[in-house]
Structure formats: C-alpha cells, structure tokens
Amino acid sequence: MRRGDGRLSHDLLPGEAPPQDECGVFGVWAPGEEVARLTYFGIYALQHRGQESAGIATSNGEQLLVYKDMGLVSQVFDDQTLSALQGHIAVGHVRYATTGASAWENAQPTLGPAGAGTVALGHNGNLTNTRRLMELVRERSGTDLSGELGRGSSTDTAVITALLAGTAGEDARSLEATAMSVLPLLEGAFSLVFMDEHSLYAARDPHGFRPLVLGRLQRGWAIASETAALDIVGATFVREIEPGELVVIDEDGLRSQHFAKPSPRGCVFEYVYLARPDTQIAGRSVNAARSEMGRVLAREHPVDADLVIPTPDSGTPAAIGYAQESGIPFAQGLVKNAYVGRTFIQPTDTIRQLGIKLKLNPLREVIAGKRLVVVDDSIVRGNTQRALVRMLREAGAAEIHVRISSPPVKWPCFYGIDFATRAELIANGMSIEEIRASLGADSLGYISTDGMIEATAVPRARLCTACFTGEYPVPVEDAESAAERRDYQVLPPRHPGSLTIAGAQ
C-alpha cells in the first residue's frame, strides 16, 4: 500500500502515514497585482495540507492558463513559470489524495467547459455521494466523457467540474447560476475555490467541515483554506465563508447567496492537528486551542515526572500547555531533522527498525535518568509511538508517560481526512491499557472528548467528532468504496509540468 508522504510537521516511520487532510485551496481577484505570485505564496503557506501535487490557474479576462504538476509548491513552480501565468484572477491548489490515485491526471485545479466559458476549480474535502453524481454526469453526457474525466481523472473534484459545465450554446447559463443548481446536489465535505474568465468563486458545504476564509487585499480579495495564508500574502481577514454560501467576486464587487441552509459542524481535528498553529478558526487561535488541550490533559492525567517533552512539531503546543498546568519543566528532548520528506527507497527490515531516527534523535544529556511526559497530538496505528518509546528507553529515560491531546481515534473520516482504515486503528481493537502495553510506556493518557471540545471554545453541536465518536453528521452513501480509496496507485514517474490554455475564442 502506498500513501502520501506525510505532513512535514509529523514524525513517522517509513511507510507510516499520519492523518492527512486532502487539500489546501487559495484564490485571488486583484487587478494590477501579480496574482500568480500571490497564489504561489498562498499555497506555499498551505503546503502542510497536501504535498503530492500543486497547481495554479490564472485568467486575463479572455483565457485561462493552468499549470500543475506532481511535487511540492517549490518544486512545481519557478520564476519563469509564474511569469507566464498572467492575469488578474487566480486559483491555486495543493493536494493529498483521498479520492482518486496519486497521479498527474488528478492534480488540481481541474479544468472544464462552463457554459460560454471555462472553469478552473480547486477542492478541499471529500464527497460522500460521488457514485450518484457520476451517474448524473453520464445521464447528461452519455458514455463519451469530456474534460478532466475524459483525460483520466478519478477524483470527485473532476465530477464537480463536469457538473459545472452546464449547457452550451444559446441555453448556456452563467457559471454562477449553474453553481447554484449544482452545489445543493453535493453531499459531504467541500470547500471550493473556482473561477471562469471573469469571476472568482468560493463555496462551502452546509456543514462547513473544512475551513474557508475571505480576506481583503489593497487592490482586491483573497480566499484561502486558512487565515495563515491570508497573513502570508498581506491580506486582512474579513470573515469565514459561511456554510452553505456561494461567494462571487468580479468587477462589480463581492456578492453572496446561500444555496443551502447552514448547519455548522466544523472538523474538530483541524484544531487538534490539521491546521497551522498560527491559523484562527471560528475566532479561536489554533495554537491557543492546542495549548489549552495540553492544560486539560494535565488536569485529567497528572503524573509525577521530571520533564515534559513534545513529539515535534505537532505535539509542541499541547506539551507547553501540559508543562504550564502541571508545573513540570518543559524541555526539547528530541531533535528533528526538518528535511526528511517523501522517500521512494524501500527500506530493509533492519533499516525500518531505525527509521524514526531519520526524523528524530534524542538528546541523551537532557533525558537520561529522567521521568518523561511525552506529549503528541494523536495515535493512529501506534507504530511510530512504539518506536519512539523504545528509542527514549535506549537513550536512558527512567520512565516514559505518553499523553495524547486527542481522544482515541476509532473511526475513519469520510469528509476529507485520510485516516487508516478502521481495522488498522489501534484504538479500535484495544483498550487503553492494552495500547499502553503495546507501546511499552509506563502510562498512557488520552484527553477526553469533552476536554478536547472545551479547549476549542466551540459548542459541541457545531463540531464534527466522527473520528472519535462514530457520529457522522452526513450519511456515507458509498462507505465501502470510500474505504477502498485508501489503496492508492504507485506514484508514476514525474510528469513534465504542462501549461494548459483555455478560454473563450
């Protein structure tokens, strides 16, 4: 089984995948600005949300240019490429596959016809009724699929793009009108940023599973998955795109309308791990939420110890909170190699046993003889934590008390996060005591669901906690196929990035 290369902030054994968010999206409407470069920095700031592919589309009012390729943002784009992407509107995307294989054909933004023009679209999330939507596409177009689906894309994003094609000729509607008829048909999680030759659009599913925010530039507007991306490009945060809302930005300004009644259920795992700590969600600093989770964890699972150390970087804010609440000194007991990303080298069993040392190495003089509290954000399969405990023991730790700033992950996510399958989740088949014994730790404590929610400062009714509780806000139509999607194809040889040109003639 091949998976994504892992978030750059998480620490994993070779072949071990953390929880992955599907994508990051960014859009800008700014006449007179270098929109491709703004978008480059915007998706660079969102790189943690996906490292498999990156793409940017721009429009000069007459035609769309799209450039995308496999790899990190800094690998896909250079100065020459960005200089070729001219215009005053742009959308950008970074991807980690949850629906569809990791292949160039599935890179975004997707491109397709839209009435009298063209649409380029980026999607963060995961639809739960893709089969039914694909049947609708076939009803409209027959077996002769065009656009991204015809070119081999296997993503739910390509299905949305095909539906936005609408009708051509004299019966063609505006993309805005078509979107208002298509968006109510989509089920599951979707935060969309898309564009045609003249306008920038943003839409968020009625539950608002994945974040999406609006910012003001000096000469325009920006839309992003996270407020941190707005900060990077110098945009001022205005507000969140509301659940069930479609926003349109063009030469007439900004307007919005709702395509569905909002029923907010934002993903709680954004606070736990997915979002950058310098992002704000629902008015709450993610860093503050994680620090508070650490403080709650210290109250719920106190222990006599000498040092609190984080699993860098994902466990750091919670570890600081734990240390502050408990009065136990905080220390950096592990040194992280910041330059370890994807590797295509298949390790031998011997090297695999040493794999965690590619990313983490203990500071022996700090931890030798000490009773440690080791704080991390989550446990998925347990392989990484097991190797970490063993490494700390070998470095001389006297005791190791593992503390986790989220509850046990027992259920898969169908709304845009790629967890392991339910059978692979260690907490699904074992008690906490059995997990502790499996890890080799002296004690193990997870934060309670109530404690985690309290730390977000968001009411329980406005959060999705399905991966912890099994309570899914939206029924999953094709759960079986969704689970199968976690077996991805082997990444093909690097495709030469291509510049696609489309537009009204």
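**A helix crossing, a strand trio and salt bridges**

Helix 10 and helix 17 cross in the right-handed sense; a crossing is called right-handed if the near helix is turned clockwise from the far one by less than a right angle, and left-handed if anticlockwise. The contact is made by Ala289, Glu292, Met293, Val296, Arg299 and Glu300 of helix 10 together with Gly451, Met452, Glu454, Ala455 and Thr456 of helix 17, where contact means heavy atoms within 4.5 Å. These residues divide into five nonpolar, two polar and four charged. In this division Ala, Val, Leu, Ile, Met, Phe, Trp, Tyr, Cys and Pro count as nonpolar, Asp, Glu, Lys and Arg as charged, and the others, Gly among them, as polar.

The structure is a predicted model, in which local features need pLDDT of at least 70 and side-chain atom pairs count only at pLDDT 80 or more, while totals for chains, interfaces and linings use all residues. Residues are numbered from 1 along each chain as its sequence is written, and side-chain values use heavy atoms, with hydrogens and water left out.

Two packed helices are described by the angle between their axes and the distance between the axes. Helices (H or I, at least four residues) and strands (E, at least two) are DSSP runs, numbered from the N terminus.

Glu292, Arg295, Arg299, Glu325 and Glu454 are linked in a network of salt bridges, a salt bridge being a side-chain nitrogen of Lys or Arg within 4 Å of a carboxyl oxygen of Asp or Glu. By this rule the count comes to 22 salt bridges.

One of these joins Glu33 to Arg219, with the closest N and O atoms 3.3 Å apart. Glu33 lies in the loop between strand 2 (23–29) and helix 1 (35–45), and Arg219 in the loop between strand 10 (213–217) and strand 11 (220–224), so the pair ties together parts that are 186 residues apart in sequence. Glu33 is partly exposed at 26% relative accessibility, and Arg219 is partly exposed at 46%; buried means under 20% relative accessible area, exposed over 50%, and partly exposed in between (1.4 Å probe, protein chains only).

Another salt bridge connects Arg393 and Asp442, with the closest N and O atoms 2.9 Å apart. This pair links distant parts of the chain, 49 residues apart: Arg393 is in helix 14 (residues 383–394) and Asp442 in the loop between helix 16 (432–439) and strand 24 (443–446). Arg393 is partly exposed at 31%, as is Asp442 at 36%.

Of the eleven residues in strand 7 (residues 117–127), ten are buried. Strand 7 pairs in the antiparallel sense with strand 6 (residues 110–114) over five bridges; two strands pair if DSSP finds at least two bridges between them. Thr110 has Leu121 of strand 7 as its bridge partner. Two residues separate strand 6 from strand 7 in this hairpin, and Gly115 in the turn has a positive phi of about 60°. Strand 7 also pairs with strand 8 (residues 188–195), again in the antiparallel sense, over eight bridges. Here Ala120 stands opposite Met195 of strand 8.
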